[in-house]
Structure formats: structure tokens, C-alpha cells
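Have the viewer open as you read.

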Amino acid sequence: MEAPRIGLLRLQKWKTPMKPMIEARSLSKRYGEVIALDGLDLSVPEGTILGLLGPNGAGKTTAVSILTTLLVPDSGTATVAGADILASPREVRKNIGLSGQYAAVDEHLTGFENLDMIARLYHLGRQRSKSRARELLERFDLADAADRPVKTYSGGMRRRLDLAGALVAEAPVLFLDEPTTGLDPRSRTELWSIVRELVNQGRTCLLTTQYMEEADQLADDILVIDHGHEIAHGTADELKMMVGGERIALSLQSDASMDDARAVLIRYSVGELHVQGRSVTAPISGGAATLTEVLRALDSEGVKLRDVGLRRPTLDDVFLSLTGRVARTDDEETDISEQGVALEEAS
Amino acid sequence: MDNIKFALADGVVIAKRNVIKIKRVPELLVSVLISPIIFVLLFAYVFGSSIEIQGGSYREFLISGIFAMNLTFSATLTGAGLAEDMQKGIIDRFRSLPMSRSAVVFGRTGSDVIYNVLSLIIMSITGFVVGWRIHNGLGKAILGFGLLLLFAYAMSWIMAYVGLLVPSPEVVSNASFMVIFPLSFIANTFVPAENLPTPLRVFAEWNPVSSVTQASREFFGNIPIGTPDPTAWPLQNPAVYTVIWVAIIIAIFAPLAVRRYKLAPTKS
Ligand SMILES: Nc1ncnc2c1ncn2[C@@H]1O[C@H](COP(=O)(O)OP(=O)(O)OP(=O)(O)O)[C@@H](O)[C@H]1O
Ligand SMILES: [Mg+2]
């Protein structure tokens, strides 16, 4: 009796807009004076990935904690997999897998014991728990270390074990808070493909990140937040379009010519310059013709270049122009407001 | 019905995890088991040589006091264990799982009974070596040990709540020191309560550490012959009084600890 119906339901699902698996309305949370979330809305349709992007302190972890029932919001409502986070938190927990920003693994247990324990607490049953734990250890390249206490794991191994913990129950909704922080490039690509595969199977995922490339690669939809509220929302392409145009990227041979280079670029730039070390990027219009003019002007000022090029905007540029901060590329974060002031004085 | 089944199963999973930790960090177990030996020897030989008990041996009188004091102290482990789980963020993991909301605290207080049983065994052996004996038969002795363990279990719940309240395991140790030290010394643990100055004597007479000590002395037959009957009701009915305390403590602190677990701040 059930079988033909399932076929029908599937068909209907394609016709109607996909139902949101995560939906939040004006979530707010404050810690004393600090407003961590300030009326955040978000909606993640089934089978898609939302990238929640924002600088340090933007409120990403707070949002994840609220949606995973770890934290109660001051105001606002949310549902996850159709269950209200405040009215039926237990229902929510049955349907989610969480990997928090800090690896929540037990140091004294082995990798296997950690996953087995989590599986038992999802009530998977003794046998199923064991096989699921072994499966995931294999999948996350931890099979060799499976029976060693986690105390002996490297940071990246702990991170991977924690991620495996989020996948134990094959829950329909995944929350990953900065999942690839601390992973080497190979593990990172591997994780991306696992997440893609899960989402292709119909899971829904909310992932926070500070790596633009990650959002670009993975997210169907990107929500940029700062100070607890939305500052931009769209696909990676839409966001890139917002900041428009091409950029000239220069790399100088010596620091000494930085001021001269800035002075030249300001004349041609249609937006703010971004300086980092000996590199400068400037949004321009006019493409190759403008580039030629800039090069001529730089040459007559005696500025020696190491490298120069035109490039399309990246999500980094989006992030920069929206938040006034540089996204983290490799753990460091630069605040350009000082440089902005310096530039204004120079011009 | 299913809820209770799951709660029990979850509690067992958590307790098993704690037991694995006991095995993996033998240093902790060793220190937990060595300190009672040191206490017994220290008090038996240092105090034992200067305190006279009429009609009996001070060492026999002393051992029940040491039992009670040590079990009171070992409740600190429960608090420290939970504080460590909070600090390491594992509690956040548990709180995101569809498991019973009381399993983590029940599992912890449950598995810590192991520490108490082991340290009781060690203390009894050491006590036996220095001259402590059971005079009232095995049945009563078992009642004595049972009451001591029950009392320790209640203390464990107080410290479970404290452990979830504070930011780190170190704070638990310091906080518990301030409470547990006076509680276990202003009592009849090392000297008869009657010998204390009045305000302290009243405190000692109504202190549950005294009643559990008194009760186990009676069960083990360690009350010196010729000791006048206690005048305070708690010490006249020490077992009943202790059980009342145990019930009150668990009734207050178990719900408090579970509530605190649910609302505990996330690691950030
Ligand atoms: N427990 C807390 N007590 C006080 N303030 C807090 C607490 N947790 C978060 N905050 C504050 O709330 C704001 C948002 O924090 P949150 O952790 O959500 O940021 P985030 O976007 O995850 O940052 P990061 O990229 O550094 O992880 C910050 O200003 C932070 O200082
Ligand atoms: Mg965060």
C-alpha cells in the first residue's frame, strides 16, 4: 500500500518548492552588553547547503548553538526538520548531526570508543553502533588509529573524529561549525566531497566558515553576517556580482614604492584599495586598457613590479567590501580600517 | 516506559565511558586509593598515640570517622569529572544528542560509586592492619558499609551540581575544600562530639557526617564500652537521621544538577 504512494510523493516534491529543513525567524541573543545575534533570519531548503559566513565574533557559533538546542535564544523562533527548537528540542536532536567549532571528543577513549558511544546514545543498538563506528573511522582515514586513545591524536585527527561523530546517525540535517579549520588540504578536499555526497543524497547542511573558497566550492546559498545580522545573501556568483568589476592585482618589488603605487592606483580605482604586505588590489573599470594606463603611470613613477594581473572578484573581495575585514586565509585576520585611514590621508 | 528504558541505557553508556577513563588514567585511581591509606596511618599513629579513649581503643573508634571523612572528600571527584567534561566541550556533544537529559549526571554519580567501594575496601584493609575489628557480625557490618556508600552517593550529587556550576575542575577542588573540611572535622570523626565547645558541639551533633560515623561505629561495634549515651536525637538515631539527610540531599541536588546540565553554557 505504501510503495506507490512514495513515488507520488517524490513527484510532488519536485513540483512544489522544496520545504525548508532549517528555518529561523529573527533570532536574537545577547551576552550582557554584547549582542551576539540581532534578528537573524535564515532558511535552508532540503538537500542544500547554506554557508554561514562572517568574521570572528559575527555570531556564527551562537546561531549554530541555538539551532542545535544547546542555547536558548532571547527571542525569535526556529524549526529544524519541522520540529520547533523550543517546543520539541528532543525531536530536533533526533534529526541533527553536529560538529562544533571545538572538537568535542573524549581524550581518554579511543577513536572507536568515541564513535561507538555516540552511536549508542543515538540508540542505534549494539551491533549497528559498532559497525557504524568502524565504517566512519575507515571513511575518515582513522582506521589505523582507531584503537588508540584520542589523547595521542593530532589536531587534525581529532577534528576528523569529531566530524565523523556528526555523521554517526545519518541524520537528515547537519550542522558543521568551521569544519575544515585545522585540516590539511587533502583532508579538507576529502571532507568537501563527503559533504557534497551527503547533500546529494538529500541531507541538508548548515556550515559556517571563514574560508571563502569553501563557501564558493560547497554552498548553494551564502549568508554573510556581521554583528549578529545579515549583511548579504545570495549564491556565490550573485555575491561576486554585487561587488562588480575586475580588479588589478599588483605585487611590488620593494616596500619603498608602496606610497607611489597607491597614489597611482587611487587615480584609476573605482573603489577602495586593499593593501596586504607588498600586494595591492584595486577595483577598476575599463579592463585591459586601464591596466595598460596604470602600468605606464607606474613606470613613469619608477615603481618596479614583481607581478601584475587582472582578475575577477573573489568571495574574498565580497567579504572585504561587506565587512571591512579580510577573510581568514590561513589563520591570520587583517583589519584594513587603519590602512583605509592612511589611504584617505594620502589622497 | 520507553523513556525510562532509554534513560537507563544512556546512563549505562555514560557510566561505562567513565569506567574506561578510570582504567586509562591509573594515576588518578592510585591517588584516590593511596590517600585513604595515608589518612588511616597518619591518624592512627599521630592522634592515636596522644588521644585516650576510655574503655576502648582509639584506633577502632577512629576508623569509622576516617571512612566518613574520606567518602565525603571523594565526592569532589564527581564534581571535578563533570567540570572537566564541561571544560572540554564534551557536554556540548552530549547535549546535542537525542539521549536522556539526566543520563550524564546519573551516569557520573553512578560510576563514581566504584571509587567509593574501592577506597572503602582499601581503608578497611589498612584499618584491619592497624587493629580495627568488626565486633557485631557480618550482617551489621554490611549495613554499616551500605550506609556509608549511600551517604557518599548523596555527597556525590552535591558535588555534581557544583561541578556543573563552576568553570573548571580546579575550582571544584578549592570550593569543596572550603565546605568539606569543616563539615568532616566539626564532627565526631576524630574526637567524641561531647568533648567539643558548645557551639561546635551542637553543630557536630546535627552534622550528618557525625551521624553516619556514629551509625557505622554502632554497626561495626566500635563504640567504646562505658561511653555515655548521646544526648542529641541525631546521634541517638544515627542511621535514620543519615537516611533522612541522604533522601533530602538527593531530592534537592539531583533535579538541580539535571537542570543545570540542561542549561549549562556552551563552550565558546
Ligand atoms: N558565553 C559567552 N559569553 C559572553 N559573550 C559571548 C559568549 N559567547 C559568545 N559571546 C560573544 O558573542 C559574539 C558572537 O560570538 P560567536 O561565537 O557566535 O561568533 P563566531 O561568529 O562564531 O566567531 P568565530 O569566527 O570567532 O568563531 C562575540 O562577540 C562573542 O564575544
Ligand atoms: Mg564560532
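## A salt-bridge network

In this predicted model, A:D106, B:R17, B:D85 and B:R108 are linked in a network of salt bridges. Take one pair from that group: the side chains of B:D85 and B:R17 form a salt bridge with an N to O distance of 2.8 Å. B:D85 sits in helix α3 of chain B and B:R17 in helix α1 (residues 2-24) of chain B, so this pair ties together parts that are 68 residues apart in sequence. Are B:D85 and B:R17 buried or exposed? Both are buried.

The two helices have another link. B:K21 makes a salt bridge with B:E84, and the closest N and O atoms are 2.9 Å apart. Here B:K21 belongs to helix α1 of chain B and B:E84 to helix α3 of chain B, so parts 63 residues apart in sequence are tied together. B:E84 is buried, at a relative accessible area of 18%.

## Salt bridges elsewhere

Over all chains, the structure holds 21 salt bridges. One of them joins A:E23 and A:R25, with the closest N and O atoms 3.2 Å apart. A:E23 counts as partly exposed, with a relative accessible area of 25%, and A:R25 is also partly exposed, at 40%.

## Where the chains meet

How many residues of chain A are in contact with chain B? The count is 30, and they meet 27 residues of chain B. Together the two chains bury about 2700 Å², 61% of it on carbon and sulfur atoms. Three residues, A:L70, A:H108 and A:L121, supply 26% of the area that chain A buries against chain B, more than any other three.

Across this interface the rule finds three salt bridges. A:E113 and B:R24 meet in a salt bridge through their side chains, at 2.9 Å from N to O. Polar contacts across the interface come to nine residue pairs. On the side of chain A that touches chain B, α3 (89-94), β6 (96-99), α4 (111-121) and α6 (155-167) each supply at least two residues. Of these, α4(A) gives the most, with five residues. That side of chain A divides into 15 nonpolar, seven polar and eight charged residues.

## Inside chain A

Chain A has 347 residues, and 49% of them are buried. Its secondary structure comes to 13 helices and 14 strands. Among its contacts with a separation of 6 or more, 66% are between residues 24 or more positions apart. The chain is divided into domain 1 (6-240) and domain 2 (245-312), and the centres of these two domains, taken over C-alpha atoms, are 41 Å apart.

Helix α2 (residues 60-67) of chain A has seven of its eight residues buried, so it is largely enclosed by the rest of the structure. The buried ones are A:K60, A:T62, A:A63, A:V64, A:S65, A:I66 and A:L67. After α2(A) comes A:T69, with a positive phi near 70 degrees.

## A phenylalanine in chain B

Back in chain B, B:F73 lies in helix α3 (residues 58-87). B:F73 is buried, with a relative accessible area of 17%. Which residues does B:F73 touch, leaving out those up to four places away in sequence? They are B:F177, B:I180, B:F181 and B:S184. B:F73 and B:F181 are 108 residues apart along the chain, yet 8.2 Å separates their C-alpha atoms.

Technical notes: Residues are numbered from 1 along each chain as its sequence is written. Chains are lettered from A and ligands numbered from 1 in the order in which they are written. This is a predicted model: local features need pLDDT of at least 70, side-chain atom pairs count only at pLDDT 80 or more; totals for chains, interfaces and linings use all residues. Side-chain values use heavy atoms; hydrogens and water are left out. Contact means heavy atoms within 4.5 Å. Buried area is the accessible area (1.4 Å probe) that two parts lose on being put together, summed over both. A salt bridge is a side-chain nitrogen of Lys or Arg within 4 Å of a carboxyl oxygen of Asp or Glu. A polar contact is a pair of N or O atoms within 3.5 Å; within protein, one must be able to donate a hydrogen and the other to accept it, and residues adjacent in sequence count only if both atoms are side-chain atoms. Helices (H or I, at least four residues) and strands (E, at least two) are DSSP runs, numbered from the N terminus. Ala, Val, Leu, Ile, Met, Phe, Trp, Tyr, Cys and Pro count as nonpolar, Asp, Glu, Lys and Arg as charged, and the others, Gly among them, as polar. Domain bounds come from an automatic or database domain assignment. Buried means under 20% relative accessible area, exposed over 50%, partly exposed in between (1.4 Å probe, protein chains only).
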